[in-house]
Amino acid sequence: MGFFTSFNFVKRLKSFLLFCVFVILSIKSGMFNIHRVISFIAISFTAAVVSAGSDTRHTLNGHIRDFASGEDLFGAAVYISDMSTGTITNHYGFYSISLPEGSYRLEISHIGYKTKYRNVELDSDKTINFDLEREDTFLDEVVITDDKADRRISDVRMSLSQLQMDVVRSLPAFMGEVDILKTLFLLPGVSWATEGSTGFFVRGGGQDQNMVLLDEATVFNASHLLGFFSVFNSDAIKDLQLYKGGIPARYGGRLSSVLDIRMKEGNNKEYSGTGGIGSISSRLTLEGPIQQNISSFIVSGRRTYADLFLPFSTDTTIRKNRLYFYDINAKANYRFSDKNRIFVSGYFGRDVFRFDDIFGFEWGNATTTMRWNHIFNSRLFSNFTFVYSNYDYNMIYNEDIYSIDWVSNISDITLKGDFTWYPNPENTVSFGLHSSYNSIDPGHVKGKFNDSALSDYKIPDNNVLHHALYASNEQLLSTNLTIEYGLRYSLFQNTGKGTVYSFDEDYQVIDTTEYSSGEIFHNHHGFEPRIGVVYRIDSRQSIKASYNRTRQYLHQATNSTSATPLDIWFPSSPNVKPQIADQWTAGYFRNFMDNMLESSVEVYYKNMANQIDFREHAVLILNPQLEGELRTGKAWSYGVEFMVNKSKGDFTGWLSYTWSKTRRKIPAINDGNPYPAPYDRPHDLAIVLSYKLSDRFNIAANWVYNTGRPITMPTGRFEYGGMILPVYSERNAERLPDYHRLDLSLTINTRTSPDRTWQGKWNISVYNAYHHKNVFSYYFRQKDENPYETQAYKIYMFGIIPAVTYNFSF
């Protein structure tokens with residue numbers, strides 16, 4: 001037996017080394033060869049088949065679902081202790097495992113659910129579905145985890161965080177508005193743009209370098225109210241995963257991270273609802289079966305209502321103002337059989353601001369996702385997806401004799417086919433093909449003067465195609481060693497109708513080329529290898545390492561730290577190379593106190609090429625020659641992340657700390673010297689605590705501290721032409737004061753009789769409890785009496801903010 005085990009290990013290792021040689025040759029060549037891509041897929045499949053062995057095997061497959069709602073459970077485990085092997089479910093609750101003929105005792109488990117056991121006689125291929133019941137104590141615990149504690153040790157993936165929605169609802173909330181993005185700021189390696197905003201940075205990457213997905217649809221702007229709130233209604237969200245490193249090959253298009261958010265499917269057993277009434281908004285979610293146990297729906301809505309009180313103002317101007325946002329989430333699914341199921345989901349959200357009849361501004365996202373799950377056989381699962389996503393904004397300005405109407409938008413249409421093959425317990429092979437079309441309207445302005453129409457001013461549209469082919473394999477080399485290796489090939493094409501400007505070394509236009517509609521006039525492409533490995537020292541500790549290369553073809557034009565609704569997207573082109581990042585990560589993971597205490601430390605280094613910044617005083621809005629404002633170079637980031645998490649018992653919480661540095665070096669900026677990125681914050685600390693006082697009362701607190709963000713400040717002044725002009729420091733050479741804040745919350749469960757289905761909770765929260773004045777920015781002004789002296793003023797955003805929210809379910 002030992003000989004055969006050793007022999008299989010050698011075969012598996014041989015296939016992996018063959019893959020590594022292939023990747024190295026592909027990267028060195030730098031040339032696209034479709035035969036190499038096909039060869040890679042063949043290698044991945046061969047690696048899986050080679051280690052299958054010659055035993056008579058049968059396949060056990062099925063779905064694992066929530067007992068009460070019928071929702072599919074992602075990440076649920078099927079474990080066979082007799083063989084020390086198992087598998088986990090995919091995003092659609094599907095599992096598959098091939099085993100030699102025989103009798104087995106299965107252990108089915110998932111975080112927050114009661115473990116189920118079942119004896120199975122496997123004498124043929126079988127389909128068995130499981131329903132798991134929730135643990136009674138789960139809703140009262142604050143749990144943040146990558147998965148079940150022991151699986152966190154053995155899982156090959158690292159730099160991956162998964163938040164449970166109960167975590168988000170239990171923590172103190174800004175203005176009482178539960179926000180999943182703000183909860184991410186409490187994790188290591190993630191920092192925010194400015195106070196109150198939902199923009200985030202991951203391991204030295206910019207905001208536009210994060211891929212945000214809602215049911216696989218790209219969300220181009222994830223913020224409401226100029227960034228103070230996110231577009232995600234927590235009542236409609238099932239789960240989310242944040243990949244900071246070791247990004248699977250199925251994801252692409254952004255350099256730094258992938259935030260994959262999945263909506264609930266809807267209760268297919270009974271009708272139910274949830275909602276809340278807060279300080280600035282209210283929300284309501286309804287779900288239930290269309291046909292019991294076969295199809296279901298969920299509809300969720302949210303709206304702020306501060307504007308509803310404006311008509312009662314004594315100021316006639318204020319009465320006409322409008323300021324609000326709203327969200328609508330909807331999803332339905334239908335199960336035709338155990339092998340076929342369809343999903344349709346959508347999101348629509350909008351921000352509206354009106355100042356009298358003079359000025360107006362609105363923006364919003366709309367997404368639609370249609371998916372077909374098909375099981376070809378017990379070992380091959382597929383998911384075919386159509387995605388539509390659109391982001392647009394509109395600004396209007398009206399005066400007596402002059403008016404302007406400005407619109408801009410970006411849209412995405414994507415077709416995807418994703419497959420998962422389960423040849424044996426030692427291998428899980430994923431492969432697929434993605435194709436997207438993006439249309440970008442940078443800006444279109446219409447105006448009037450004295451009731452006469454002015455000439456339309458329109459920036460030429462950008463149209464692009466984006467294709468990707470990927471394959472990966474998660475392979476168990478031995479009982480202690482698992483690897484995941486994959487390769488992604490991406491192709492990006494600029495298509496007409498389009499205008500391309502040629503620039504000289506001083507970024508002046510020297511030529512213009514026009515391309516007809518539908519004409520493909522430029523290609524960018526390249527390979528993106530992904531490799532991860534875990535070595536389990538024992539059941540309580542492991543070491544992991546990963547490497548991934550990512551490419552980004554769409555970029556965002558912004559010259560501020562915090563993104564705004566007016567920021568526009570632009571594609572790679574003959575003048576703009578795609579951004580490329582290589583990230584290396586290593587980590588040590590250890591559980592203590594019988595898995596009650598989880599800890600980890602990860603170190604990373606990220607090297608980024610073709611990084612984009614903008615010249616001083618760049619014109620980014622309504623500029624047809626935007627590419628002439630760009631300056632490119634390189635960037636690098638490195639750091640260490642610590643995490644300690646206690647997820648069991650009455651007292652729970654976590655501590656995260658990140659030390660990092662991010663630098664840019666762009667020849668045309670800062671005299672070619674390296675300078676800190678705008679989001680470089682060396683120290684970032686978060687402490688999150690929750691204590692269950694009783695069945696009715698729970699208190700929670702979080703305290704955050706981070707280094708002030710870098711800024712460029714005036715250091716002197718000079719007189720020129722009768723004017724006093726400032727002299728500035730090097731780019732981002734100074735910093736704002738360090739930031740720190742304490743938030744508190746108290747959750748009170750209302751008393752209800754056992755025969756009543758209505759349940760209510762009061763959440764009382766205090767933001768910035770000790771009223772610390774954190775500096776948002778500096779403002780400089782010359783003294784009126786002495787223009788040779790300049791005064792500096794600090795600008796603060798928020799003091800202490802209390803909020804009350806009533807949450808309910810029925």
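Phe697 belongs to strand 44, in a model that is predicted. Strands (E, at least two residues) and helices (H or I, at least four) are DSSP runs, numbered from the N terminus. With a relative accessible area of 32%, Phe697 is partly exposed; the class lies between buried, under 20%, and exposed, over 50% (1.4 Å probe, protein chains only).

Phe697 forms a nonpolar surface patch of about 510 Å² together with Phe651, Leu689, Tyr691, Leu693 and Ile699. Strand 43 and strand 44 (697-706) each give two or more residues to the patch. Patch members have over 30% relative accessible area and no salt bridge, with nonpolar side chains (Val, Leu, Ile, Met, Phe, Trp, Tyr) joined within 5 Å. A salt bridge is a side-chain nitrogen of Lys or Arg within 4 Å of a carboxyl oxygen of Asp or Glu.

## Basis of the values

Residue numbers start from 1 along each chain as its sequence is written, and side-chain values use heavy atoms, with hydrogens and water left out. As this is a predicted model, local features need pLDDT of at least 70 and side-chain atom pairs count only at pLDDT 80 or more, while totals for chains, interfaces and linings use all residues.

## The chain as a whole

The protein chain contains six helices and 53 strands. Of its 810 residues, 56% are buried.

Contact means heavy atoms within 4.5 Å. Among contacts between residues at least 6 apart in sequence, 65% join residues at least 24 apart.

## Nonpolar cores

A nonpolar core is a set of buried Ala, Val, Leu, Ile, Met, Phe, Trp, Tyr and Cys residues joined through side-chain atoms within 4.5 Å. The largest has 43 residues, of which Leu184, Phe232 and Leu259 touch the most other members. Elements giving two or more residues to this core include helix 4 (165-170), helix 5 (180-184), strand 18 (257-263) and strand 43 (683-692).

Beyond residues up to four places away in sequence, Leu184 touches Leu163, Val190, Leu240, Leu242 and Leu259. Another core, of 25 residues, lies apart from the largest one; among its members are Ile440, Val445, Phe570 and Leu630.

Val688 is in strand 43 and counts as buried at 1% relative accessibility. Its C-alpha atom is separated by 5.1 Å from that of Gly653, 35 residues apart along the chain. Not counting residues up to four places away in sequence, Val688 touches Leu171, Leu186, Thr652, Gly653, Trp654, Ala701 and Asn702.

Ile568 lies in strand 37 (residues 568-571) and is buried, at 8% relative accessibility. The C-alpha atoms of Ile568 and Asp441 are 127 residues apart along the chain and separated by 8.9 Å. With residues up to four places away in sequence not counted, the contacts of Ile568 include Tyr393, Pro442, His555 and Leu626.

## The surroundings of His374

His374 sits in strand 24 (residues 359-377), and its 16% relative accessibility makes it buried. Its side chain makes a polar contact with the side chain of Asn340 at 2.7 Å and reaches the backbone oxygen of Lys339 at 3.5 Å. A polar contact is a pair of N or O atoms within 3.5 Å; within protein, one must be able to donate a hydrogen and the other to accept it, and residues adjacent in sequence count only if both atoms are side-chain atoms.

Leaving aside neighbours within four places in sequence, His374 is in contact with Lys339, Asn340, Leu380, Phe381 and Ser382.

Note on methods: Patches are made of residues with over 30% relative accessible area and no salt bridge: like charges are joined within 9 Å, nonpolar side chains (Val, Leu, Ile, Met, Phe, Trp, Tyr) within 5 Å. Accessible areas come from the Shrake-Rupley method with a 1.4 Å probe; for residues, only the protein chains shown count as cover.
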